[in-house]
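The sequence and the structure are shown first.

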Amino acid sequence: MKSSDEHRRATAAQARRSTAAAFDAMRAHYAQALTPALRAEALQRWDTHAPRLLAAWEALYPSVSGADRPQTNAPTAQETLAAFVHAMAEATNARSAALRALDAAREREPSWFLDQRIVGYTAYVDRFGGDLRGVAERVPYLQRLGVRYLHLLPFLAAREGDNDGGFAVRDYDTVAPALGENADLEALTARLRAAGISLCADLVLNHTADDHAWALAARRGDPRYREYFHIFPDRRLPDAYESHLCQIFPQTAPGNFTEVPALGWVWTTFYGYQWDLNWANAEVFAHMALTLLRLANRGIEAFRLDSTAFLWKRLGTDCMNQPEAHTILQALRAVAAIAAPGVLLKAEAIVPARQLPPYFGLPSEANANAQAEAVAECHLAYHSSLMAAAWVGLAEGRGDVVADVIRATPPLPPGCGWLTYLRCHDDIGWNVLREEAAGGDGRAAYDLARIAGFYAGETPDSFARGRRFQCAGDDRAHGSNGMAAALVGIAEAQARGDAAALRMAEARLRLLYGIVFACAGLPSLYMGDEIALGNDEAYTDDPLRADEGRWLHRPAMPWPLAEAAEAVAAGDTHERRRATAPQAEDVSALGIAQRVGRALRAMIAARMATPALRGDAPMRVLTLGDPALLGIVRDERFVALCNLSGREVAVDAPAALTDSRWRSMLDEGMHEHGRICEFPARLPAYALLWLLRDSSA
Ligand code: GLC
């Protein structure tokens with residue numbers, strides 16, 4: 001009789017043999033469905049990446065015997081895999097020559113998106129261009145701004161009525177009728193590609209709309225489709241889960257489950273009409289992965305993987321960042337690497353930075369010492385701790401808050417980067433900074449509830465005109481809404497016609513973007529920030545949006561203003577000759593837009609010209625004596641100096657810096673590299689300096 005050790009060894013050997021046999025069978029299956037002309041190249045990619053896909057598949061969907069399977073009319077996981085591999089081959093065949101050329105270029109230069117000349121821009125299709133054709137017409141504007149990566153918020157067919165700004169998708173294969181047709185999407189991606197701009201689209205992975213065909217089938221009682229979601233007959237399990245879960249929208253959508261008549265309790269992490277998908281079902285994986293490939297074949301170059309933290313549920317946990325969620329992402333990465341290798345994956349996981357390494361395939365914090373091998377996962381992830389810290393720093397007049405977050409930012413593997421940003425379509429979520437806010441280790445604490453009040457204009461020292469988001473009861477610091485221009489004080493100063501206050505407010509906006517653009521990563525602008533666009537107070541007039549405070553910072557682009565401002569700000573020689581330079585005393589929307597636009601464009605131009613600002617160039621912080629200050633060093637050649645306070649502060653810098661000569665790179669809206677200068681001894685209120693070590697001396 002075998003000992004249990006022998007038994008284990010024999011079982012493991014058998015598993016390896018059968019896995020190897022299954023690998024061979026799947027390879028043959030893939031090869032057979034490939035167009036002969038593509039076969040050699042495609043199989044090379046398969047051989048490199050399929051082992052990761054198949055290992056992930058086996059871990060997620062271990063082959064279970066028929067008796068263990070739920071009684072549905074669904075295929076087994078193995079049958080699903082075989083059909084999926086076949087469909088992957090078809091997607092490989094369907095990829096256009098232009099996209100295949102792009103794939104090859106990206107494979108040759110996998111860190112292409114971290115080039116310092118790549119700047120992002122985020123917008124809603126309707127708010128920016130009316131529809132997809134309208135966006136295409138604005139491509140020259142984006143080019144002049146320096147944009148090379150465009151994230152368009154969800155534009156696929158969404159549910160009727162309220163749909164969370166398109167994040168409740170009814171049909172992943174069809175463009176929302178109000179925004180155009182699939183042909184418009186393909187025309188747009190081709191136009192963007194020709195302009196050197198990569199289109200990023202949301203892939204809403206965690207949930208579908210409650211009127212998606214799968215949800216409708218589940219409602220009709222089809223057992224196969226019930227298994228696509230998490231549906232419970234009564235409150236027993238939901239209650240057990242709920243006691244460990246957090247609340248995303250505690251005011252507008254409390255709880256994580258929704259009762260659906262004749263169906264039961266459906267897991268709905270976000271709104272009740274967004275049904276969480278059951279990723280433990282192999283069919284869900286197969287469908288979503290193929291959706292990704294179909295969209296990639298329409299020319300989408302990057303996917304913002306929405307709400308990735310929530311993909312896997314485990315009783316007794318907060319059901320966030322579970323190991324299986326990473327296995328799913330690794331499998332998706334392998335799928336993309338096989339059939340659409342030019343594609344980038346960006347994790348939207350709004351969690352503290354220390355929890356993000358696994359989204360890049362690194363071991364989790366808890367397993368940091370484990371010798372686990374890194375498995376490719378996402379290329380990009382939002383650095384929301386940095387974003388929130390910049391806003392905390394401004395409210396508190398403290399650069400050290402940002403410095404601490406930069407210091408604690410985990411190093412990334414090659415070919416990976418942060419998405420750095422100041423604002424986006426969501427609230428500024430304060431929860432990512434809970435641990436930092438508690439202070440300790442020599443760091444002063446801060447009160448996130450006060451900061452949420454500050455940005456809502458509730459504190460006496462506030463210049464901000466935002467609002468709290470979902471803050472209630474014990475949770476006084478959930479999030480804050482508002483356009484950057486309203487949060488930095490531009491709206492308030494303009495309303496008072498106070499030119500001096502306006503200059504300060506504009507300096508704050510420039511300062512915060514100066515941090516975003518100086519840090520490692522791919523920096524992204526939020527639509528309208530380049531013209532200091534303010535809040536959309538009118539959203540409350542629309543009954544469908546009135547209860548959703550995030551619409552405050554989703555205004556439509558006022559094109560006449562943007563175009564008039566650009567004529568000065570862009571420095572376009574033709575228009576510039578006609579235009580007058582913006583006057584410092586001008587408190588009109590146009591004057592503000594011109595000055596802010598000029599400052600941001602100068603910053604983009606300076607970044608583009610500075611290889612030390614590559615997204616993956618080394619970064620460290622400088623200690624400058626006063627906690628109000630922040631110093632960011634890139635590649636030991638570039639220094640960003642920031643004063644986050646409203647007072648002038650003395651700079652106490654190391655001799656290695658003060659002894660060098662520097663070239664000023666941003667001289668109040670100057671496009672060219674500026675003068676040679678000394679390292680400054682003092683920084684005025686809200687000052688931002690970008691200095692490059694001068695090697696000519
Ligand atoms: C993401 C989106 C957010 C949306 C949520 C649910 O967090 O950024 O806007 O509400 O997912 O889809």
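## The largest pocket and its surroundings

The lining of the largest pocket divides into 18 nonpolar, 12 polar and 9 charged residues. In this count, Ala, Val, Leu, Ile, Met, Phe, Trp, Tyr, Cys and Pro are nonpolar, Asp, Glu, Lys and Arg are charged, and the others, Gly among them, are polar. The model is predicted: local features need pLDDT of at least 70 and side-chain atom pairs count only at pLDDT 80 or more, whereas totals for chains, interfaces and linings use all residues. Residues are numbered from 1 along each chain as its sequence is written, and side-chain values use heavy atoms, without hydrogens and water.

The volume of the largest pocket is about 840 Å³. A pocket is an open set of points on a 1 Å grid over the protein atoms alone, with protein on both sides within 12 Å along at least five of seven lines, and lining residues have an atom within 4 Å of a point. The volume is the space filled by probe spheres set on the points, which are joined across faces, edges and corners. Among the 39 lining residues, I248, F310, M320, I350 and N431 are the closest to the centre of the pocket.

Helices (H or I, at least four residues) and strands (E, at least two) are DSSP runs, numbered from the N terminus. Strand pairing requires at least two DSSP bridges between the two strands. An open sheet is formed by 6 strands in the order β19-β20-β21-β26-β23-β24, with antiparallel pairing. Because β19 (619–622) and β24 (676–677) each have a single partner strand, one side of each is left without a neighbour in the sheet.

Helix α15 (residues 400–407) packs on this sheet and touches β19 and β20 (629–634). Of the 8 residues of α15, 7 are buried. Their packing partners are α14, α20 (499–518), β19 and β20.

Two single residues illustrate burial, where buried means under 20% relative accessible area, exposed over 50%, and partly exposed in between (1.4 Å probe, protein chains only).

| Residue | Place | Relative accessible area |

Leaving aside neighbours within four places in sequence, E324 is in contact (heavy atoms within 4.5 Å) with L60, W312 and R314.

Note on methods. Axes are lines fitted to C-alpha atoms, for helices over the stretch in contact, and angles run from 0 to 180 degrees between N-to-C directions. On a 1 Å grid over the protein atoms alone, a cavity is a set of points where a 1.4 Å probe fits but cannot get out, and a pocket is an open set with protein on both sides within 12 Å along at least five of seven lines; lining residues have an atom within 4 Å of a point.
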